[in-house]
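Colleague: I would like to go through the charged pairs and the nonpolar surface of this protein. Please show me the structure before we start.

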Amino acid sequence: MKLVLATSNKGKVREIQSLFEDKEVVPYGEIIQEFEIVEDGLTFKENALIKARAVFKALDDEDVVVIADDSGISVDILDGAPGIYSARYGGVDAGDKDNLYALIDAIKQKGVKSSKAHYTAAIAIVTKTSEYSVHGWMYGDAQAYASGNGGFGYDPMFIPLGYDKTLGDLDDETKKKLSHRSKALKLTKAILQTL
């Protein structure tokens, strides 16, 4: 079974490949030309399904299974922002660092040093005969500072519940155990075993 990932995000690709070592896992950009997918859903689940369906259709290969992830961070003091807009919170062409510092600034503007927050990961699985979606969550606090060079995205500002270090400071094994995406991917694995 070939798993095709509907993403070009290198961090996500690495994380997913490490959890599915027994399968062939490739980002869709290695098979076809990458193309823009308009994510106009209102939830992580809707956007994950939009991406997975678009890539499945573009591949035009009934034997592949397409997996798409839509994930982000929601900060309580910002009424759940950035949420589904996590990947472009710092602006249209923003990179990880732009997004990270835009969120740190937004928290600082509220006059606090941290806020309760959580990560959500929705994963969509699309095959020729079926569609599935699963979720995973990770709870903790978003800090108004960055620490650590590990991980990607908002990892350097997020301290998981029960820990005193950011995801940017934690080792990969600990992160994998806690990760919202890892939790969703475990459920994905269970679904794939039934296909």
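The questions below concern salt bridges, accessibility and a surface patch in this predicted model.

Colleague: Which residue forms a salt bridge with Lys 116, and how far apart are the closest N and O atoms?

Modeller: The partner of Lys 116 is Asp 141. The pair links distant parts of the chain, with Lys 116 in strand E4 (residues 114-126) and Asp 141 in strand E5 (residues 131-143), 25 residues apart. The closest N and O atoms of Lys 116 and Asp 141 are separated by 3.5 Å.

Colleague: Is Lys 116 buried, partly exposed or exposed?

Modeller: The relative accessible area of Lys 116 is 47%. Buried requires under 20% and exposed over 50%, so a value in between has its own class. Lys 116 is therefore partly exposed.

Colleague: In the salt bridge of Lys 175 with Asp 172, which residue is buried?

Modeller: The closest N and O atoms of this pair are 3.7 Å apart. Lys 175 and Asp 172 lie about one helical turn from each other, because they are three residues apart in helix H4 (residues 172-178). Asp 172 has a relative accessible area of 57% and is exposed. At 11% relative accessibility, the buried residue is Lys 175.

Colleague: Glu 173 and Lys 176 also meet in a salt bridge; which residue there counts as partly exposed?

Modeller: The N to O distance for Glu 173 and Lys 176 is 3.9 Å. Both residues belong to helix H4, about one turn of the helix apart. Glu 173 counts as exposed, with 54% relative accessibility. The partly exposed residue, at 25% relative accessibility, is Lys 176.

Colleague: What accessible area do the residues of the nonpolar surface patch have together?

Modeller: The patch is formed by Trp 137, Tyr 139 and Leu 161. Tyr 139 is located in strand E5. Patch residues need over 30% relative accessible area, and Tyr 139 is partly exposed at 46%. Together, the accessible area of Trp 137, Tyr 139 and Leu 161 is about 350 Å².

Methods
Residues numbered from 1 in each chain as written. Predicted model: local features only at pLDDT ≥ 70, side-chain atom pairs only at ≥ 80, totals over all residues. Heavy atoms only, no water. Salt bridge = Lys/Arg side-chain N within 4 Å of Asp/Glu carboxyl O. Helix = DSSP H or I, 4+ residues; strand = E, 2+ residues; numbered from the N terminus. Buried < 20%, exposed > 50% of the residue type's maximum accessible area, 1.4 Å probe, protein only. Patch = residues over 30% accessible without salt bridge, like charges linked within 9 Å, V, L, I, M, F, W, Y side chains within 5 Å. Areas by Shrake-Rupley, 256 points an atom, 1.4 Å probe, with all protein chains shown as cover.
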